[in-house]
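The explanation begins with the terms on which the description rests.

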Amino acid sequence: EHLVRTSFFWRVCFELIMSNKLFVGGLSWNTDDTLLRQSFERFGSVNEARVILDRETGRSRGFGFVTFDDNEAAQSAIAEMDGSDLDGRNIRVNEAQDRPSRRG
């Protein structure tokens with residue numbers, strides 16, 4: 001039982017370190033959640049794909065996030081999609097970074 005709990009602990013730690021969430025920048029204003037998801041699904045199961053929208057205008061801000069179920073798929077997507085063409089634009093793909101706190 002102890003070994004099971006210990007291995008689970010390390011698996012959770014590893015998954016926190018190896019992010020499955022990717023930042024996708026340089027998106028076309030026309031790229032939506034559906035196209036973003038479809039473009040990344042060939043690498044593995046996509047948990048979420050979201051293009052970030054401007055609150056006031058409802059238009060794309062030109063970037064989004066794709067979250068995979070496993071890290072191997074995320075790493076494959078970075079390797080193949082970074083610098084590739086999506087919807088007429090060369091996109092940047094890398095591991096998403098935690099957003100710094102705005103409190104100060």
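Helices (H or I, at least four residues) and strands (E, at least two) are taken as DSSP runs and numbered from the N terminus. Two strands count as paired if DSSP finds at least two bridges between them. The model is predicted, so that local features need pLDDT of at least 70 and side-chain atom pairs count only at pLDDT 80 or more, while totals for chains, interfaces and linings use all residues. Residues are numbered from 1 along each chain as its sequence is written, and side-chain values use heavy atoms, with hydrogens and water left out.

An open sheet is formed by four strands in the order β2-β3-β1-β6, with antiparallel pairing. At its edges stand β2 (46-53) and β6 (92-95), each of which pairs on one side only. From one strand to the next, the twist averages 20 degrees; axes are lines fitted to C-alpha atoms, for helices over the stretch in contact, and angles run from 0 to 180 degrees between N-to-C directions.

Six bridges join β2 to β3 (residues 60-68) in the antiparallel sense. Leu 53 has Ser 60 of β3 as its bridge partner, and Val 51 stands opposite Gly 64 in β3. The hairpin of these two strands has six residues between them, and there Gly 58 takes a positive phi near 75 degrees.

Helix α2 (residues 33-40) lies across β1 (21-25), β2, β3 and β6, at about 140 degrees to β2, where contact means heavy atoms within 4.5 Å. Helix α3 (residues 71-81) lies across β1, β3 and β6 and runs at about 150 degrees to β6.
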